[in-house]
Amino acid sequence: MDDDAEQQHLTAAPGYALGQLAKAFTTALTHEDADTRRRAEGRARRWRAVLAGMASGRLAVGSRTPVAGLPAWVTPEVVRGGFATGSPSAGGPLQPYEIRLAERFGVPADRRALFAHCLTDAGLTWLWGQLNSGRYEVTVPEEGALLTMAWLVRHGETAAALDLVAELEPFTDRLRFLPRPSAGRAAPDVTDALHRRTVDDTVGRLVRRRPNDAVEAQREALTVWQPFGDELLAHWLETAGGADGRVLGLAPDDGWSARGGELLGRYRSLAREHTRCGKHRSPKGNLGILRGALEETVAGRELDARTLGLLRHAVTSMVRRRGLPGSPAHTELRRAQRVQAAVPSHHALAQVVLGRLATLPQDSGIADPTPVLAPVSVPEERETGVPAGARLPLVLRRVVEDALSAPVDVLVERGVVPSAEVLAELVPQLVAVTGARAYADEALRTLMAANYRAFRNRRSLLLLDLERQVRTEELPWVRAVAAWRGDGSAEAALVLRQLGGLAVRGFPGTILPNPLVRELGVLARQSGLGAPLVEELAADIFMNSFGPKFLEAALIAGELLGGSLYERYYGIDYAAIGELASAERAGAERAGTERARGPRRARTSPGFGQLCAERARTASSAPAGPKSGAAHGSWVAENGKVIEQSQILTTHNLATLVHRVGIAPGPGWDALARRCFVTVCRLTGRVHHNPRPYATIKDAAYAWRQSVFHLSLCPPAEQRRVLAELDAETGRHPAHVAARLGPALAGLRLVADGGAFGPDGTADRGRARRLLGWTTDGHWLAVDPTGRAPRAS
């Protein structure tokens, strides 16, 4: 490849950004919701900035320093796909808190002036007060910079503080380095308790819950219009000549008409006040017929034969259906309906919960939700009108329980954390706490925890050429206090072991999402365990190369799985991988001096990349199934096959977590193998009649690989027992699931009994097959057992 071609290959093309701009533009013009249109306008504005920056050369999308003139540590504004807009997240117009601080300090409303003030005695005193109280927020990492400077000055590290100021000074007119004062709220304590949502989040969710129109219309019908209809019916029954309720004619006394006029006046008043239920307005309904006839009669007009017939039919049918008003059957019916209508609405109960939440700290979770979930009390009944003793429905209980503050394993057990993706959202809180505990000083500990939480809100950039994302230790203010960080390796190892075991145990059959892998990687570096954790690579931007940690992870997998069922099932030669690792280490040592003299380039493992490419070429899902899905048969699918082989060789972190970190999930490897296979069956069930099944097949192959891994850690006798149970598990699912998975199970039994696949991944004339996810030829798992191809989309 020539230099120009290589440069084009390593530079992101604008096509994706153009597509996103078009989508945002269309939504901004056509969506029916005003808020959605406004958000789309913001997205369109940011995508226009991306394209303008790329066209002018000010943006280098794919680089870890995408914005010209801004160092890597500056938090960039990033839109979908990892594209930087060119604006720093800590930039833009002055925030309201900055304007208030400028007024308080008596300086111009200018970031450079605010920064300069914080270097004075008065400014340092204010910063020290913030450090002492902890009453501040750090929403982007830059907002913790001046607090760090003040901490250094207070501890006599003037030189380090001046160095930090010098590094920040060129950007003081553009970036905000002041913390946000937190009125009445202290920064969160350094604790193991995590929460998915804050009390304030929960309040917002409850406030957004509107009354259910259908339920409220039914309540209005039961409490207003049916009782009124009973009164109308009873009034007309005064004209009846018998108990059957047949209307014979008008009552002779004038009092009947007067009372009818009062009923009509009350109807008009009720109709103005109660507007949810509209059935009473229908002239064809029983209530509309009774009311219309009464209006004619009270007005002195004689009912024609048609109206009189309708009136008689309405009265007769109402009596036949519910009984005469005041009769035992009618009375019991109305009593039951009053009880039903008296049940408080979800909206009314949500108002009770809002009152309880108002007394709690708003920026943290709920340590004990029991009082919030209690039945309505007598004082609350007096205040809200909701009857005492009323219990919260499940839907409201779940909203409150989502804010539970507890250790992460408790949150997983209770279902507050339902997936590995949600776990990845929470783990930064725990990693922040773990990393902060290495600092002995309490104020610095709180500051570094707040800084890490803000840093983890930083969106990942699209990076090419094996560039890595910026790490928190690269921030100048974090580097400035690195000497005050103690040895937190033991605690980091403990937390890594707990989180790794929880992820494997809690979400079997699920690939570890990249955000979770990154957080575990931070703990791995802090622990010093030598545990390389690898991310899932994107097939559409794969650069046909792997970093050296992939080979290290494969080497660890070989130490654990050499000679195992896993090695034999996937046709791996872990001994050869060990030789490859030794050769590449020797080559890296020889090349070390040359790299030190030349420009920095990301290190790769060419041998590992070549091995994955060779395995991808020989891997086959033959005989093929029907082709479906735009990516399959394309270069994206070719990349996907290579990436899948890297995941097979490394076990995508499972071997590293078991062998280096030392996780030992409680259920046992046999139980995990079974649970992963349940996921395989569930996903395979979704393939049936699916016109685009390949994403589902890929996920099923992930779960299958994890099942094989766990099974490989079981003794041979236990493996045979579990294999029999896997066969039985398919019987608990639709028949096509067993038919589709039959070849995969046959292949696993074949290898467990000492057999082997052929070069194409099949055996015994194709009846036993190795299950892989990616394919360019169509997949046998997509073949309908009835012989029908998936329906076209």
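**Close-ups of side-chain contacts**

**View 1. Glu231 and Arg266 meet side chain to side chain in a salt bridge, 2.3 Å from N to O.** A salt bridge here is a side-chain nitrogen of Lys or Arg within 4 Å of a carboxyl oxygen of Asp or Glu. This is a predicted model, where local features need pLDDT of at least 70 and side-chain atom pairs count only at pLDDT 80 or more, while totals for chains, interfaces and linings use all residues. Residues are numbered from 1 along each chain as its sequence is written, and side-chain values use heavy atoms, with hydrogens and water left out. Glu231 sits in helix 10 (residues 213-237) and Arg266 in helix 11 (residues 254-273), so the pair ties together parts 35 residues apart in sequence. Helices are DSSP runs (H or I, at least four residues), and strands likewise (E, at least two), numbered from the N terminus.

**View 2. Asp670 and Arg721 form another salt bridge, at 3.4 Å from N to O.** Asp670 belongs to helix 31 (residues 669-685) and Arg721 to helix 33 (residues 716-730), so this pair ties together parts 51 residues apart in sequence. Salt bridges with shared partners join Asp670, Arg674, Glu718, Arg721 and Glu725 into one network.

**View 3. Trp73 and Trp477 pair up through their rings.** Rings of Phe, Tyr and Trp (its six-membered ring) pair if their centres lie within 6.5 Å; planes under 30 degrees apart count as stacked, over 60 as edge-to-face and the rest as tilted. With centres 5.5 Å apart and planes at 85°, the two Trp rings are therefore edge-to-face.
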